[in-house]
Amino acid sequence: MTIQQSNENGKITLSPEGWLDTASSPELCDLVDSLTEATELVLDFSQVEYMASAGLRAVVAASKKARSMNAEFSVINVVPGVFSIFRMTGIDKKLNIIEK
């Protein structure tokens, strides 16, 4: 998995590509953990093809990190197959998740 990162005036966007599963989610978690400040943390899932439960945990951890930095949090451009996982778990009701 590769993760593109951008920072525009405190708005940090992380764009993972590929599968977000047990093997790749630690990379996202490590990157999120390394953040020290932001006004907004956005996960752009436009290139995430599949998400396992480990990926779901990484998203929840990212939302907690955003909260600890007093930053807004959202997951954007979520493809329908991945969005259905958020919907089945009910996380789409608790976090700002936007389907593609």
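Residues are numbered from 1 along each chain as its sequence is written, and side-chain values use heavy atoms, with hydrogens and water left out. Because the model is predicted, local features need pLDDT of at least 70 and side-chain atom pairs count only at pLDDT 80 or more, while totals for chains, interfaces and linings use all residues.

**Exercise 1. The salt bridge**

Solution: 
- Step 1. A salt bridge is a side-chain nitrogen of Lys or Arg within 4 Å of a carboxyl oxygen of Asp or Glu.
- Step 2. D92 pairs with K93, and their closest N and O atoms are 3.9 Å apart.
- Step 3. Buried means under 20% relative accessible area, exposed over 50%, and partly exposed in between (1.4 Å probe, protein chains only).

**Exercise 2. Buried charges without a salt bridge**

Task: For D44 and then for K65, find the nearest side chain of opposite charge, and list the surroundings of each residue.

Solution: 
- Step 1. Lys and Arg count as positive and Asp and Glu as negative; His and the chain ends are not counted. Side chains of opposite charge can pair when their charged atoms come close.
- Step 2. D44 lies in strand β3 (residues 40-44); helices (H or I, at least four residues) and strands (E, at least two) are DSSP runs, numbered from the N terminus. D44 is buried and has no salt bridge, with K100 as the nearest side chain of opposite charge at 7.0 Å.
- Step 3. A polar contact is a pair of N or O atoms within 3.5 Å; within protein, one must be able to donate a hydrogen and the other to accept it, and residues adjacent in sequence count only if both atoms are side-chain atoms. The D44 side chain reaches the backbone nitrogen of S46 at 3.0 Å.
- Step 4. Contact means heavy atoms within 4.5 Å. Not counting residues up to four places away in sequence, D44 touches T13, L14, S15, P16, I76 and N77.
- Step 5. K65 belongs to helix α2. K65 is also buried without a salt bridge, and the nearest side chain of opposite charge, D33, is 5.4 Å away.
- Step 6. A polar atom of the K65 side chain lies 3.4 Å from the backbone oxygen of D33. Leaving aside neighbours within four places in sequence, K65 is in contact with V32, D33 and L35.

**Exercise 3. Aromatic pairs**

Task: Count the aromatic pairs, then describe each pair by its geometry.

Solution: 
- Step 1. Rings of Phe, Tyr and Trp (its six-membered ring) pair if their centres lie within 6.5 Å; planes under 30 degrees apart count as stacked, over 60 as edge-to-face and the rest as tilted. The count by this rule is 2 aromatic pairs.
- Step 2. The ring centres of W19 and Y50 are 4.5 Å apart and the planes are at 40°, so this pair is tilted. The pair links distant parts of the chain, 31 residues apart: W19 in strand β2 (residues 11-20) and Y50 in strand β4 (residues 47-51).
- Step 3. W19 is partly exposed at 47% relative accessible area, and Y50 is partly exposed at 35%.
- Step 4. F45 and F86 form a tilted pair, 6.3 Å centre to centre with 40° between the planes. F45 is in the loop between β3 and β4 and F86 is in helix α3 (residues 80-89), 41 residues apart.
- Step 5. F45 is buried at 0% relative accessibility, and F86 is buried with a relative accessible area of 0%.

**Exercise 4. The two sides of helix α3**

Task: Identify the buried residues of α3 and what covers them.

Solution: 
- Step 1. V82, F83, I85 and F86 are the buried residues of α3. They lie on the same side of α3, because they cover an arc of only 150° around the axis; the arc is that of the directions from the helix axis to the C-beta atoms.
- Step 2. P80 and M88 are exposed on the other side of α3.
- Step 3. The cover over the buried residues includes β4, α2 (53-68), β5 (72-78), α4 (91-94) and β6 (97-99).
- Step 4. Just after α3, G90 takes a positive phi of about 85°.
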